[in-house]
Amino acid sequence: MLSSLLYVSRSLVGHADEGDQLLAIQALSHLRNVALDVTGFLVSTQNHFAQFLEGDADAVSTLMQSIMMDKRHTDIRLSPWLEFDDRLFPHWRMTCFPTGCFVSRHVEPIIAGCHERMNTNSVIRLIKFVRDTAPDLGRMPTR
Ligand SMILES: Cc1cc2nc3c(=O)[nH]c(=O)nc-3n(C[C@H](O)[C@H](O)[C@H](O)COP(=O)(O)O)c2cc1C
């Protein structure tokens, strides 16, 4: 059965080695998530990570156990398990929002809101926001 969940955490990745750390996360996630058939997105901003994972419940749980032990973030707030009929993000993608006016005005408030109040409404709002602002994340792969 298809199961999904989202978490928002506080990033501990310093500005100096942000690029290297994000590349490392992306490379490993791509390998492991494809192997586990887990799709979704990881959004990184200066202050937060927001990650949506969907796939087999056991595979998502396995991944989540590793992710929760990772010292590159803290204060991880998990959504309840969510059920959708189809994958919302049919491939694995990661996107980084660098600092700037758009991010501080539009991205951070939604992610921070989700971190403060994690419930179905805030999760749906964040998912919709990602699908609207980065529509390629939700598109089918062109293979
Ligand atoms: C914000 C964040 C998101 C991550 N997302 C994934 C992911 O989707 N898939 C993955 O394999 N590793 C991800 N990682 C890396 C894992 O936390 C972990 O370092 C890696 O899976 C190795 O785990 P292991 O030491 O249990 O083998 C993420 C790390 C961070 C900080």
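Me: What makes residues 2-95 a BLUF domain here?
Reply: The name comes from a record: an unreviewed UniProt entry annotates residues 2-95 as "domain: BLUF". Such an annotation may be inferred rather than shown by experiment. The model itself is predicted. Within it, the span is 34% helix and 37% strand, and its end C-alpha atoms lie 23 Å apart.

Me: Why are strand 1 and strand 3 called paired?
Reply: Two strands pair if DSSP finds at least two bridges between them. Strand 1 (residues 2-11) and strand 3 (residues 48-56) are joined over 9 bridges, so they are a pair by that rule. Their sense is antiparallel, and V8 stands opposite A50 in strand 3.

Me: How do you know that strand 1 also pairs with strand 4?
Reply: The rule requires at least two bridges, and 4 bridges join strand 1 to strand 4 (residues 73-78). The two strands therefore pair. They run antiparallel, with S11 opposite H73 in strand 4.

Me: What makes a residue count as near the ligand, and which residues come nearest?
Reply: The C-beta atom, placed from the backbone, must lie within 6 Å of the molecule. There are 14 residues around the ligand, and S29, R32, F49, S66 and D70 come nearest.

Me: Which elements supply the shell around the ligand?
Reply: Helix 1 (18-36), strand 3 and helix 2 (57-69) each supply at least two residues. Helix 1 gives the largest share, 5 residues.

Me: How many residues of the shell are nonpolar, polar and charged?
Reply: The shell has 6 nonpolar, 5 polar and 3 charged residues.

Conventions
Residues numbered from 1 in each chain as written. Predicted model: local features only at pLDDT ≥ 70, side-chain atom pairs only at ≥ 80, totals over all residues. Nonpolar A, V, L, I, M, F, W, Y, C, P; charged D, E, K, R; others polar.
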